[in-house]
Structure formats: C-alpha cells, structure tokens
Amino acid sequence: MTAEDPWQLKIPIRLCLSSSEITSPVDVKPVYLLAPRYAYLPALAEQCLQLFQHVLLSLPGQAEPSPWFEHAGLPLNWTQPLGVLHDLLAPRLLQPAPGGSQQQQQQQQQQQQQQQACSLSAPAAPWCLTVHYRDMPALLSNSWQNAGTAKDYFFSSLKEAGYCCRGSEGCGAVMRLPGQAQDELWAAVNKGDGAAARRITAPLRLTATARQPAAVATVPVRLLIRTHSAQCSSQDLAAVWEQTYSSSRPVEPDWCTPLAWLHANLKAADSFLYIVVHLLM
Amino acid sequence: MMACATGQLTAAEFEQSVRLFVGWWQAAASSSSQQLCWSLQSVRMPVTGQVISYAQLERIVPAGSSEQQQLPSSAAADALQALQQQQQPELEAVNDEAAVSLTAALNPAATSAAADDEPAAQLPDRVAAVSPQPQQLQRQPLHVHQYSIVHHETYQVPVLYIRASELDGRLLSLSQLLQELPDLQQCREPSQADWTFITQVEHPLLRTPCFMLHPCQTAARMQLLLQQQELSSTQAGAAQGAATPCQEADFQQPTVGSWGGQPAFTAAAATAATAGVSGREGRHSAGGPAAKYDAPVLLLYMRAWFGMLAGLLGIEMLPFFDA
C-alpha cells in the first residue's frame with residue numbers, strides 16, 4: 001500500500017435534508033456525493049448548503065444556519081474525521097439467524113446458536129446521513145462560527161500529534177505554521193488533496209522520533225472501542241458514545257508490531273493514527 | 001517521580017495530586033473568605049471500567065462582565081434549581097452534589113427558548129443575599145462557569161477545561177468566554193491565533209463541548225518552577241527565575257516576577273512552601289505507578305500549577321502558607 005492510497009479513499013454518502021427544514025411543497029431529493037475519508041463534517045456542510053439553500057426557511061434577522069449531521073438519530077460530533085465516524089457507526093451487529101427444525105434437537109441447536117459468534121455487517125453503501133440547519137442538540141456545540149471551531153480543533157490535534165512525535169519542538173513547529181499555510185492545509189484536508197497536505201506538513205517532520213538516544217519513539221494513536229451487545233439493539237445508536245471508549249495517547253510501538261509503519265503510512269490528516277475497534281460482547 | 005525531573009505527572013501521580021489539592025483547598029477555604037471550592041469527582045470509563053478522578057469547580061459570573069463575582073457553586077445550584085422549578089418542573093431537584101446534578105441539568109434535550117433576561121428575573125432570594133450587589137445581579141443575566149482539572153494522557157500534565165454556559169445550558173462561544181475571562185488573552189503569543197492557546201474540544205471524561213487551555217508548555221514551566229523551589233529555599237532571588245524563557249508560552253505572564261498575579265509565591269512563599277516539603281529522598285527516583293509518592297511535592301505541584309492560572313480566571317488563590 002502506498003502513501004497515496006488513504007488520501008484517495010472516499011466514502012459514498014447519501015445526504016438527506018431533514019424534513020423539518022424543508023419549506024417547499026415539493027420533496028427535496030437526497031444528494032449523493034463522495035467525501036474524502038480525512039475530511040471533516042463542516043466541509044460537507046458548506047458543500048451541501050449551496051444545494052439545499054433554496055428550500056431552507058429564511059427569516060429576516062435570522063442567525064446564520066448552524067449545520068449539524070445525524071446518522072440514524074445520532075447527532076455526529078465534528079471532531080472526528082469522516083472516515084473514523086463512518087468506521088465507528090456504520091457497521092451493524094448481525095444476530096445469528098434463528099433456525100432448528102427438529103424439536104428433539106431444538107435445545108441443542110439453541111445452545112449452538114448462542115455460542116455462534118455474532119458478526120458485524122459490512123458498512124452499508126452509501127452511508128445515509130441527514131443534515132439539519134437549526135436546533136443543534138445541546139451535546140454538540142452551538143457556536144459553529146463557520147466551521148472555524150472544527151479547524152481550530154484540527155490544528156490543536158496536529159499540535160498534540162507533534163508533541164507525541166517530537167516533544168516541544170513538534171508543538172512549536174505546528175504553532176509556527178503561517179496563517180496562509182494553515183488555511184491551505186485545512187482546504188487540502190477537506191478536499192482530500194494528499195499531495196498538497198503532505199507538502200505543507202513535511203517541514204513539520206511529524207514522524208515518531210526518539211527524543212533521547214536511549215528512549216523509544218512514541219506514536220500518536222487515537223483508539224476508539226465500540227461495544228456491541230447482543231442484548232441491546234445495535235440500532236440504538238443513542239447510547240453509542242457511552243459505550244465507546246476513546247483514548248488519545250502516545251504509544252510506544254514494539255519493534256515486532258508494525259505500529260510505526262501503520263502510523264507512517266495510514267495516519268490521518270492530523271497525524272494521528274486512528275484505530276477503531278468493534279468489541280462484540 | 002516524574003514531577004521534579006520532567007515537570008510532568010503520571011496518571012497515578014495526578015490522581016494523588018488532585019486529591020491532595022482538593023483536600024487542601026477545601027480546608028484552607030473554610031478558614032478564609034474564599035467561597036469558591038474545588039470538589040473531587042470521578043468517572044468510570046466505558047469498556048475498560050477504569051475510574052478516573054478529576055477536580056471540578058463551578059461559579060456564577062455576570063454575563064459579559066469581566067468583574068468577577070466570587071459566587072460559590074451552591075449559589076449556582078440554587079439559581080439553577082429556581083430556574084428548573086419554574087421552567088421544567090419535571091426535572092430532578094438539584095441536590096448538594098452540585099457537580100453531578102449541574103452537569104446533568106446543563107445538558108437539556110432541547111434548547112430552551114427562554115430569553116437571557118428571564119433567568120435574572122427569576123433568581124431566588126438566597127442568591128441575592130450571597131451576592132455583594134444583589135440588585136445588579138437581578139438585572140443582569142448570569143452565566144455558569146464549570147472548570148475541570150483533568151490529567152492529559154499525551155502531555156502528562158494537568159489541563160484546565162472550561163465549560164461556560166447560560167443558566168439554561170446553552171453553551172457560550174469563545175468570544176463570549178474571553179469577554180468574561182479577559183485575562184486568558186495573556187496566554188496568547190502576539191500575532192498568534194486563538195487556537196494556539198485555547199480550543200474548543202470534547203471534554204475527555206464528560207464528553208461535552210468545552211474549552212481547553214493548551215498545556216504544551218506546562219511541563220517545561222513546572223519543571224523550571226520546581227527546580228527553582230530547590231534553589232529558592234535559601235535565596236530571595238527566586239522572583240528572577242520565575243519567568244520562563246520559553247517563546248511559545250501558554251501561560252505567558254505580563255511581567256517578570258508576577259506569576260499568575262501572585263507575586264507572593266515567588267520569594268517568601270517559596271521559602272515557606274519548601275520548608276513544608278519533607279522527605280526529599282526518592283524525589284528523583286524513576287517514575288511509575290509503583291514509585292514512592294512524595295505527597296508534599298505532589299501537593300506543591302498542583303498548588304503551583306493552579307497558582308499560575310488562578311489570576312487568569314479571576315479566582316483568588318489561597319495562601320500557600322500553612323497556618
């Protein structure tokens with residue numbers, strides 16, 4: 001796998017406008033688009049605002065629309081890249097199909113079915129999302145500021161990754177990035193332009209580096225573990241964040257495991273290696 | 001222990017440090033005029049079941065005003081309770097554990113349509129009695145600030161998270177927060193953007209949006225500060241060493257010798273604080289959960305760390321001297 005591959009990967013998305021937002025009597029057809037895995041939700045919002053603007057309710061003196069997305073009723077947090085959100089939320093738990101035709105062996109078959117491992121479905125394509133422009137839930141932020149807060153969070157993550165890789169020097173390198181370069185990097189990330197993004201971040205040297213000769217280099221990793229339980233419906237996504245463990249920390253890679261290689265080749269735009277784990281309970 | 005060698009704290013050291021800090025603050029506040037109080041909270045993480053402790057403090061500030069009113073969290077609970085009883089009577093009553101109930105109440109399912117002026121007009125009399133300017137408060141809308149001290153896994157230092165909201169739970173924007181805490185702007189390097197020192201993030205334990213003060217220079221400052229402790233115990237010139245030469249300062253101080261608005265810390269307090277530190281053996285031993293904890297040093301660390309921030313938040317720092 002070459003370094004360009006992750007940047008070229010895209011997620012097919014079927015985007016619907018929430019019915020509460022539509023003011024026209026005619027149904028608004030959903031929009032199909034391909035979004036880069038490393039992009040963030042605000043970029044999607046700006047793109048589709050142009051498509052849906054003509055049917056949005058517009059009142060004089062109204063504040064600018066504050067877009068937010070929802071997947072199967074779950075409001076999406078805009079701090080994670082699209083690819084991470086998709087990998088975390090799209091797979092569904094598949095229950096083993098009930099069977100057993102002979103009554104004599106029915107109990108035995110039921111026991112076998114219980115012992116069969118539940119499996120995860122492949123993510124359905126396209127990924128269905130609904131966009132809203134009003135009434136942002138309290139658990140998300142209500143200060144959208146034209147996606148500025150998502151961009152600030154991205155650079156804060158990049159700085160944290162820099163600290164993992166090179167300590168204070170990595171931090172300082174990110175903070176010294178000129179304003180224009182920051183804007184270009186953010187635009188490149190949301191367009192999926194890997195070449196431009198790497199050109200801007202290459203001088204930052206955000207690769208795991210041992211800060212002292214005897215020390216081990218640490219790799220910035222963001223780990224998300226989602227539990228799937230057969231007892232509760234996997235369609236109930238409202239509780240998914242309570243069932244998901246997320247950790248952002250440096251990890252010392254063992255030389256036997258290719259963690260450093262994974263980071264070098266598959267790290268996200270903010271130089272973190274995102275690992276999504278689905279735990280079947 | 002990592003604290004003195006690198007200025008950082010392991011997770012285990014932070015757990016003990018924050019417990020000592022909260023215990024010290026509560027004891028010292030009870031004998032002073034300080035009404036704001038830290039409380040120790042804990043959260044159980046999903047999947048791993050790990051219990052993580054952190055400190056939390058709540059206060060009420062007048063909306064948009066930089067004049068800090070030192071109202072305790074009980075006043076916040078009272079005000080919120082009054083608002084709840086009058087607007088959403090089906091919610092649970094706020095109990096004395098203001099941290100937990102206030103957190104739950106500040107996440108309503110639907111945003112309230114109440115105007116900003118309504119909460120002020122519905123304040124209970126108890127809040128007015130606590131406030132030094134009751135009439136001003138009743139006319140002015142109030143905001144709730146919630147501060148958390150949480151251990152950061154990457155930077156291995158304590159980090160301050162700020163959640164600012166209106167009484168009905170609607171979050172404030174960064175510009176509104178900086179209007180109420182203007183001293184935070186001192187953390188910014190000239191010509192640098194806001195994100196270099198404060199960013200809106202998701203609270204690592206509470207999973208709600210909040211603001212984080214960037215900690216990337218905390219370790220260097222704490223290392224320098226704690227090293228100065230050893231030198232300043234006999235030298236009066238500790239004030240000179242308090243200023244850090246670091247360029248990318250998160251907590252940049254306006255003048256040399258003034259550290260978070262507490263110049264008393266530099267010389268005289270350093271002597272007393274260091275005199276209170278006992279058991280220096282093993283301070284530079286290897287870090288790790290099994291290492292011997294030097295409790296006085298851990299407490300000193302947290303007191304010094306918060307001492308840097310107290311002035312920026314407009315909170316009166318409790319004296320470092322032991323009575």
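A nonpolar core is a set of buried Ala, Val, Leu, Ile, Met, Phe, Trp, Tyr and Cys residues joined through side-chain atoms within 4.5 Å, and buried means under 20% relative accessible area, with a 1.4 Å probe and protein chains only.

This is a predicted model: local features need pLDDT of at least 70, side-chain atom pairs count only at pLDDT 80 or more, and totals for chains, interfaces and linings use all residues. Residues are numbered from 1 along each chain as its sequence is written, chains are lettered from A and ligands numbered from 1 in the order in which they are written, and side-chain values use heavy atoms, leaving out hydrogens and water.

**Exercise 1.** Find what Phe306(B) touches, not counting residues up to four places away in sequence.

*Solution.* Contact means heavy atoms within 4.5 Å. Go through the list: Phe306(B) touches Phe21(B), Trp25(B), Trp38(B), Leu313(B), Ile315(B) and Met317(B).

**Exercise 2.** Work out the strand order of the open sheet in chain B.

*Solution.* Strands are DSSP runs of E, at least two residues, and helices are runs of H or I, at least four, numbered from the N terminus. Two strands pair if DSSP finds at least two bridges between them.

- Step one: the 6 strands run β1-β2-β3-β4-β6-β5, with antiparallel pairing.
- Step two: β1 (39-44) and β5 (198-202) of chain B are the edges, each pairing on one side only.
- Step three: look at β2 (residues 51-62) and β3 (residues 142-151) of chain B, joined by 8 bridges.

**Exercise 3.** Is Asn190(A) buried or exposed?

*Solution.* Start with its place: Asn190(A) sits in helix α7 (residues 179-191) of chain A. Its relative accessible area is 15%, so Asn190(A) is buried. Beyond four places in sequence, Asn190(A) contacts Pro36(A), Ala39(A), Tyr40(A) and Ala43(A).

**Exercise 4.** Is Pro6(A) buried or exposed?

*Solution.* Pro6(A) lies in helix α1 (residues 5-8) of chain A. It counts as buried because its relative accessibility is 6%. Leaving out residues up to four places away in sequence, Pro6(A) touches Tyr38(A), Asn265(A) and Leu266(A).

Technical notes:
Buried < 20%, exposed > 50% of the residue type's maximum accessible area, 1.4 Å probe, protein only.
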